[in-house]
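Here's a quick walk through one protein model, from overall build to holes to ring pairs. Have the viewer open as you read.

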Amino acid sequence: MKKHIGFLFIALIFSVQLVAQNEVFSDKGSTSIQSSDRGVHKWKTSRGSTNFNIEFRGDIEVTDDDKDIKSISSNGYLEISKTVFGSKRSIVIESQGGALKREYYEGRTKMDWEPNGKNWLGEILPEIVRNTTLAAESRVNRIYQRGGAKAVISEINIIESDYVRARYGKLLLQKDISNQDLPNVITGLCNTIKSDYYLSSLLKENLKKLLSTKEATDAFIEGTRKISSDYYKSTVLKEGIEIFSASPAQLKSILNSAATIKSDYYLATVLTALLDQRNVSDETLGEMIQISKNISSDYYRTQVLKKGLEKGELSSTSMDNLVSALADLNSDYYVSTVYKSISKNDKLNAAVQTKLIKQIGTMGSDYYASTALKSLLKEQTFTDENFDLLVNVAGSMSSDLYASSVLKEATNQKRSSKQLISILQAAGNIKSDHYLSSLLVDLADQVRNSDASVKDSYRQTAKRIKSETYYGRAIRAID
């Protein structure tokens with residue numbers, strides 16, 4: 001008989017994973033757990049011709065050896081029944097007037113409690129209390145009083161149901177755990193509870209306590225790595241960030257945990273939640289930019305990077321990393337939106353400008369490349385070298401329309417002789433007589449007021465115009 005009971009509870013242990021009015025099936029049978037608003041808890045396990053049912057209500061306390069019921073609160077009760085091939089045994093214990101009424105049945109026949117009823121309860125109760133939430137609170141209290149948090153964690157390690165583990169963990173975290181013990185408690189729970197749902201729920205319900213010290217916070221962040229589900233991990237990290245006032249080192253740990261998230265969407269939500277915090281340091285932004293490279297989606301990565309730009313002034317190193325984080329994206333549309341945001345930074349150094357212009361030159365769409373270059377021309381000042389690079393990138397576009405639109409944008413500011421010559425040389429790549437002559441006419445006023453070298457360059461470029469009408473219009477513009 002003892003063997004059959006033990007085997008049945010193995011089925012219970014491995015199959016209990018869902019809560020309130022849910023049922024799970026496996027090759028070991030099916031187990032359902034139900035909880036009602038009236039505080040009634042039901043555990044039902046079925047395997048072949050064997051059924052095992054447990055139902056209880058109220059605060060129940062077991063004896064120190066877990067083999068008998070010590071007390072049940074007023075109006076509480078416990079019912080246990082097992083049916084094998086139609087043969088049923090059951091126990092009913094209820095609180096009546098401060099005392100316990102105990103009944104034992106074989107089939108429908110009421111039998112004497114002693115010795116069979118008492119012996120059967122002593123045989124099955126240790127496994128019941130260890131693998132259900134029956135008497136969980138009193139057991140946690142008793143174990144904690146004897147051996148502290150370490151003893152409770154040891155007991156949780158023996159429990160094989162994540163549902164029950166999480167319940168015991170919740171009760172343990174309600175205790176006044178010392179700052180010294182708290183990190184070990186967090187590590188123990190995270191190493192033991194395998195269910196992402198139950199672990200994440202336990203962590204979220206106790207965030208303030210789990211983030212109360214640096215050591216606890218470190219253990220918490222390391223524990224989140226145990227959550228394999230991107231959804232559950234992201235919800236824990238986001239809620240942690242919202243109440244978190246952490247050092248850069250701790251934020252780096254959060255980001256390292258977030259880096260294990262494979263879903264572009266959930267990783268983006270965590271990084272965005274971090275960026276919503278005040279006073280995010282440049283070091284943290286730099287880490288965030290590096291981790292954003294894990295996001296393969298052009299949309300989500302660019303959304304994160306744009307939000308990073310909104311945080312304020314980035315260091316040259318962080319800005320350089322941000323530009324690099326855009327290099328392997330495929331959508332010219334999404335990338336161009338970030339390039340335009342970057343162009344509004346009035347402290348881009350020459351090296352970042354160079355990298356940015358070169359990357360824009362690799363874009364497949366002349367339209368989006370032209371919008372990015374024109375935005376740079378409107379917002380930035382350049383060294384002669386970078387200006388020459390930019391107009392040459394524009395001049396190399398296959399579309400004469402977009403090439404001329406960028407070069408025209410370059411003429412909207414007064415340019416030095418060297419920069420005017422750069423524009424004219426780049427314009428020489430435009431094949432359309434219409435667009436080339438129109439650009440030259442726009443440049444004419446500045447050319448007339450420049451030195452002979454600029455005028456000579458203008459005339460050389462104008463000679464590329466095949467149409468006599470357009471050529472004449474361009475030449476007359478500087479006479």
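First, some ground rules. This is a predicted model, so take note that local features need pLDDT of at least 70 and side-chain atom pairs count only at pLDDT 80 or more, while totals for chains, interfaces and linings use all residues. Residues are numbered from 1 along each chain as its sequence is written, and side-chain values use heavy atoms, with hydrogens and water left out.

**Overall build**

The protein has 23 helices and ten strands; both are DSSP runs numbered from the N terminus, with helices being H or I of at least four residues and strands E of at least two. Its C-alpha trace spans about 125 × 45 × 35 Å along the principal axes. The radius of gyration is 37 Å, whereas a compact globule of 479 residues would come out near 23 Å (taken over C-alpha atoms, with the globule rule being 2.2 Å times the number of residues to the power 0.38). Of the 479 residues, 50% are buried, meaning under 20% relative accessible area, with exposed being over 50% and partly exposed in between (1.4 Å probe, protein chains only). Among contacts with a separation of 6 or more, 60% join residues 24 or more positions apart; a contact is heavy atoms within 4.5 Å.

**A pocket and a cavity**

On a 1 Å grid over the protein atoms alone, a cavity is a set of points where a 1.4 Å probe fits but cannot get out, a pocket is an open set with protein on both sides within 12 Å along at least five of seven lines, and lining residues have an atom within 4 Å of a point. Grid points are joined across faces, edges and corners, and a volume is the space filled by probe spheres set on the points.

The largest pocket holds about 610 Å³. It has 23 lining residues, and those closest to its centre are H41, T133, Y163, R167 and K170. Helices α3 (136–158), α4 (162–173) and α6 each supply at least two lining residues, with α6 giving the most, at five. The lining splits into ten nonpolar, eight polar and five charged residues (Ala, Val, Leu, Ile, Met, Phe, Trp, Tyr, Cys and Pro are nonpolar; Asp, Glu, Lys and Arg are charged; the others, Gly among them, are polar).

There are two cavities of 30 Å³ or more.

**Ring pairs**

The whole structure contains 15 aromatic pairs. Rings of Phe, Tyr and Trp (its six-membered ring) pair if their centres lie within 6.5 Å, and planes under 30 degrees apart are stacked, over 60 edge-to-face and the rest tilted. Here are two of the pairs.

| Pair | Centre to centre | Angle of planes | Type |
|---|---|---|---|
| Y197 and Y232 | 6.0 Å | 75 degrees | edge-to-face |
| Y231 and Y266 | 5.7 Å | 70 degrees | edge-to-face |

Y197 sits in α6 (residues 196–205) and Y232 in α9 (residues 230–242), so their pair ties together parts 35 residues apart in sequence. Y197 is partly exposed at 38% relative accessibility, and Y232 is partly exposed at 24%. The pair of Y231 in α9 and Y266 in α11 (residues 264–275) also links distant parts of the chain, 35 residues apart. Y231 is partly exposed at 40% relative accessibility, as is Y266 at 25%.
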